[in-house]
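Subject: Structure handover and notes

Dear colleague,

Please find below the structure that I promised to pass on to you. My notes on what was found in it follow directly after.

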Amino acid sequence: MSLPVMSGAYLAQLKAFEKTILSNQTKIEAWFRRQWAVHRPPFYGSVDIRNAGYKMASIDMNLFPGGFNNLNPNFIQLAAHAAQNAVERACPQAKSVLIVPENHTRNTFYLQNVYALSNILRTAGFEVRLGSLNPEITEPTELETASGDKVLLEPLLRTRERVHLADGFSPCLVLLNNDLSGGVPEVLQGIAQTVLPPLHGGWTTRRKTAHFAAYDRVAAEFAELLDIDVWQINPYFEQIGGLDFQEREGEDALAAAVERMLAKIQAKYDEKGITDQPFVIVKADAGTYGMGVMSVKSADEVRGLNRKNRNKMAKVKEGLEVSEVIVQEGIYTYETLGGAVSEPVVYMMDRFVVGGFFRVHEGRANDENLNAGGMVFVPLNQAIPVAGAEEGGEERCKRVFAQWNSLGVPQTDADNPDCECNRLYVYGVMARLSLLAASLELAAAG
């Protein structure tokens, strides 16, 4: 696999930004180590990144990532090492983990994700079983994944302050791979076991604007560290509440916010000499799966939405009604893979990058949401040399995320910012900024 192709119009700006990151690698890694000494990272997470060349930033942070089936299987040992750290931080004596998945019994690709996540934890040395919240799962039920593997779902039970399975399996760590869009089920409320991510990290209470408020703090400190313009790594945003898309309540307030945001972006574009047309992304402040999202270039576009678009914005996963949205600066993605628009998605466990993939969509433009039907996933790095082998710079550039050691430091060459491992190292830095913001966000909410 090779990297996506960056538009020639912005390649020089991208290389300049990458060189800044690479030449400050030691300073950056020392800064992250200081941060993790104070702030506990989430158990895991995935980050969507947009790269316009002149700007690269996280646009979304998922605390309950699916998609582990889309990672390169060569990264399993790396992910297992990170999983050991994450579990031991939560329960030092843990020997087993109970995963609580989504209720997607018919989504075989999601089931493949559960299988892949379970395999990572088993490789790390833990017994892993699946406790389902699905009311249709009343007895142990074996399901087949998209690749033909098998997963066993068992009803999640509770006795007093502990959840368990029918045979008494009841570990100290309950790992949620369910984002709680439908609310926090009673069976999980007030249990004695450690639940990760914490229940307040679910979409019942979590808001994207709270994450990006924390990200503001992280990005400002990081930009000061490197003496760069914070705008290069941080999208503007604003929250608008009191909305009812079906009844068109709050429409004028939303249009006014869009107008403000577009003017703010235009002023920055003028300052930087950028000729792109500003756009914003309006998306539900709570929710996932790319639902409740629209790309807007004019305030008029959010006035008088037709019935189809009102329905699209009114509800998200689990029928969660949308009354609050985040109006976020849109970032063009000028990377293409095979001629199709693409964006990197980076996966982390504990404080470690463990891999990722490119989300690619032939039917979407470079100013649209790519997390939509028709997207495909291209895993990062299809060929990884044996860890620890002596190799020159050319070979090093093929190792990508597999280069992370226990301190999270890759081998990079600041004089060659366009090599594959360096581009992906920069993606990893951007993702870890969002992971750090999530740790601040969860601590404040808890």
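A salt bridge is here a side-chain nitrogen of Lys or Arg within 4 Å of a carboxyl oxygen of Asp or Glu. Please bear in mind that this is a predicted model, in which local features need pLDDT of at least 70 and side-chain atom pairs count only at pLDDT 80 or more, while totals for chains, interfaces and linings use all residues. Residues are numbered from 1 along each chain as its sequence is written, and side-chain values use heavy atoms, with hydrogens and water left out.

Salt bridges

By that definition the structure holds 20 salt bridges. One of them is formed by the side chains of Lys-268 and Glu-271, at 3.4 Å from N to O. Both residues belong to helix α6 (residues 251-272), where they are three residues apart, or about one turn of the helix; helices (H or I, at least four residues) and strands (E, at least two) are DSSP runs, numbered from the N terminus. In general, an α-helix has 3.6 residues a turn, so residues three or four places apart point the same way. For burial I use relative accessible area, with buried meaning under 20%, exposed over 50% and partly exposed in between (1.4 Å probe, protein chains only). Lys-268 counts as buried because its relative accessibility is 11%, whereas Glu-271, at 55%, counts as exposed.

Asp-167 and Arg-129 form another salt bridge, with their closest N and O atoms 2.9 Å apart. Asp-167 lies in the loop between β9 and β10 and Arg-129 in strand β5 (residues 127-132), so this pair ties together parts that are 38 residues apart in sequence. Asp-167 is exposed at 54% relative accessibility, while Arg-129 is buried at 17%.

In the salt bridge between Glu-441 and Arg-206, the closest N and O atoms are 2.6 Å apart. This pair links distant parts of the chain, since Glu-441 is in helix α9 (residues 420-445) and Arg-206 is in the loop between β11 (194-196) and α5 (208-226), 235 residues apart. Glu-441 is buried, with a relative accessible area of 7%, and Arg-206 is buried as well, with 4%.

The disulfide

The structure holds one disulfide, a term used for a pair of cysteine sulfur atoms within 2.5 Å. The disulfide joins Cys-91 to Cys-172, with an S to S distance of 2.4 Å. It links distant parts of the chain, 81 residues apart, with Cys-91 in the loop between α3 (76-90) and β4 (96-101) and Cys-172 in the loop between β9 (162-164) and β10 (173-177). Cys-91 is buried at a relative accessible area of 6%, whereas Cys-172 is partly exposed at 29%.

Aromatic rings

Rings of Phe, Tyr and Trp (its six-membered ring) are taken to pair if their centres lie within 6.5 Å, and planes under 30 degrees apart count as stacked, over 60 as edge-to-face and the rest as tilted. By this rule the count comes to 18 aromatic pairs. Tyr-332 and Tyr-334 have ring centres 5.6 Å apart and planes at 5°, so this pair is stacked, and both residues are buried. The rings of Tyr-347 and Phe-357, with centres 5.5 Å apart and planes at 45°, are tilted. Tyr-347 is in strand β17 (residues 340-349) and Phe-357 in strand β18 (residues 352-361), 10 residues apart; Tyr-347 is buried at 3%, as is Phe-357 at 2%. One aromatic cluster is formed by Tyr-10, Tyr-54, Trp-231, Tyr-269, Phe-279, Tyr-332 and Tyr-334.

Lys-264 has its charged end 4.4 Å from the centre of the Tyr-236 ring, and Lys-55 lies over the face of Tyr-236 at 5.7 Å from the ring centre.

Helix α4

Helix α4 (residues 108-123) has 16 residues. Its buried residues include Tyr-110, Leu-111, Val-114, Leu-117 and Leu-121. Just after α4, Gly-125 takes a positive phi of about 100°.

Notes: The expected span of a helix is 1.5 Å times one less than its number of residues. A charge sits over a ring if NZ of Lys or CZ of Arg is within 6 Å of the ring centre and within 35 degrees of the ring normal.
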